[in-house]
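User: Please take a close look at one helix pair in this model. Then show me what lies around it.

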Amino acid sequence: MTATSRTEAQSRGRASEPAPDRSGQPRRVTILGSTGSIGQSTVDLLLRHRDRFTVEALTAHHNAGLLAEQARTLGARFAAVAEPAEYEALKEALAGSGIEAACGRAALVEAAERPCDWVMAGIVGAAGLEPTLAAIRRGRIVAFANKEVLVCAGSVFMREVLAYGATLLPVDSEHNAIWQCFDFARVEGIEKITLTCSGGPFRERSLPEMRDATPAQAVAHPTWRMGAKISVDSATLMNKGLELIEAHHLFQLAPDLIDIVVHPQSIIHGMVTYRDGSVLAHLGSPDMRTPIAYALGWPDRTPAPTKRLDLAEVGRLTFEAPDDIRFPALRIAREALTRAGAPTVLNAANETAVHAFLAGKIGFLEIAATVERTLELLPGGKLDSLDDVYDLDRNARATAAQMIAKRAQTVSVARFAEPTDGT
Ligand SMILES: NC(=O)c1ccc[n+]([C@@H]2O[C@H](COP(=O)([O-])OP(=O)(O)OC[C@H]3O[C@@H](n4cnc5c(N)ncnc54)[C@H](OP(=O)(O)O)[C@@H]3O)[C@@H](O)[C@H]2O)c1
């Protein structure tokens, strides 16, 4: 991509810099996925700055108890749980509070559509697509953590952002870092960006050790505290593959202008290299409240109670290239970016495989293998509309699930046939 075409592309649809809201009124906030790790960090910041923010709506999947507690503490107007079976529990927990309770997918969309200034997209997985799009279509400022939405819907999603004049503020720590270092007014001066990667809990493990890894080992991330799905993605390095695709869309950069480097200390989150050789890096302690605080108050800075960086205490910052042999997910994601629809298939297969791994149905190394095999059977497809996205997503989930079910049959037949001692 030439500098000129990159400039044009960026002015068409990058993580945006719209006119800031300077009304002086408290910012009215909605959190999609308030009971998750990103959601709880956002709630923590809101409670520390009650004079600057008010809360319109909160959502969860199952966790009606925590959702109701958050809604009461923050004085929200509306709380929605996706799972209808949790509706009674939510209603009961909110009784007498004046807070409206609702359930189901339509209620999540309603939460996203209610009047507010700022929406945190903090649901995990493609399940966040519909409510996040609802916020986009109201032209909101959307703090964007839910990367799977952009991986599965890609340019279709970015078109909606532009069409409705919405604003995407990157929350993923690497993209938030790039956003803070990226000279949007002079993109022709940018040579490339670099996303850092902790390497996850298995960075120094052998392939046989990884084959036997348990879900508990995979979610024990060395530097970040996160939800189960993203923790497993970090262990396979698929998280970095998803982030590569996310960065491609957010910053409108060709994939070969996006580097990944393993940096186990997670202190430098992202870097922008300029044509004169200057490299601007963003540093901070690994705590999501820093990028969330930046998005929450943007364009103003919001104080966050995170551990301040003491480089003498950190001592050494080290870097290494990702190992494609033990961690094929990054290569698979890079290849997927070359074919229309392939990122949609990759995301759906990965979500299916990660759930199967967490449920004990497949081994750790089979996560990437399932994604790769699904992409062989379903290499991509037309992605012109949201219907295309939903169709491809559904097909890819079914293909991956079939593969996992067949594999489970093979394993139980093999176990049955295994000779026991003394035979
Ligand atoms: N955690 C991090 O540090 C971090 C950093 C960067 C980016 N991200 C991204 O941010 C997103 C959220 O991650 P997380 O770690 O916060 O996840 P998490 O802890 O698992 O929380 C997910 C949230 O989404 C809700 N949810 C889950 N499935 C849902 C469904 N089918 N429909 C509606 N709501 C659903 C959950 O509700 P329940 O609590 O009721 O299950 C919860 O509120 C992910 O896309 C992740 O990749 C996270």
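Analyst: Helix α7 passes α12 in a left-handed crossing. Left-handed means that the near helix is turned anticlockwise from the far one by less than a right angle; clockwise would be right-handed. Helices here are DSSP runs of H or I with at least four residues, strands are runs of E with at least two, and both are numbered from the N terminus. This is a predicted model, where local features need pLDDT of at least 70, side-chain atom pairs count only at pLDDT 80 or more, and totals for chains, interfaces and linings use all residues. Residues are numbered from 1 along each chain as its sequence is written, and side-chain values use heavy atoms, without hydrogens and water.

The axes of α7 (residues 147-163) and α12 come within 9 Å and cross at roughly 25°. Axes are lines fitted to C-alpha atoms, for helices over the stretch in contact, and angles run from 0 to 180 degrees between N-to-C directions. So α7 is roughly parallel to α12, a label for angles under 35 degrees.

Now the residues. In α7, Lys-147, Leu-150, Val-151, Gly-154, Ser-155 and Met-158 meet residues of α12, including Leu-242, Ile-245 and His-249. Contact means heavy atoms within 4.5 Å. By class, this contact has six nonpolar, four polar and three charged residues. Ala, Val, Leu, Ile, Met, Phe, Trp, Tyr, Cys and Pro count as nonpolar; Asp, Glu, Lys and Arg as charged; the others, Gly among them, as polar.

Next, the sheet. Four strands form an open sheet in the order β9-β8-β10-β11, with mixed pairing. Strands pair if DSSP finds at least two bridges between them. Helix α12 (residues 238-250) packs on this sheet, touching β8 and β9.

Terms used:
Angles under 35 degrees count as roughly parallel, over 145 as roughly antiparallel, 65 to 115 as roughly perpendicular and the rest as oblique.
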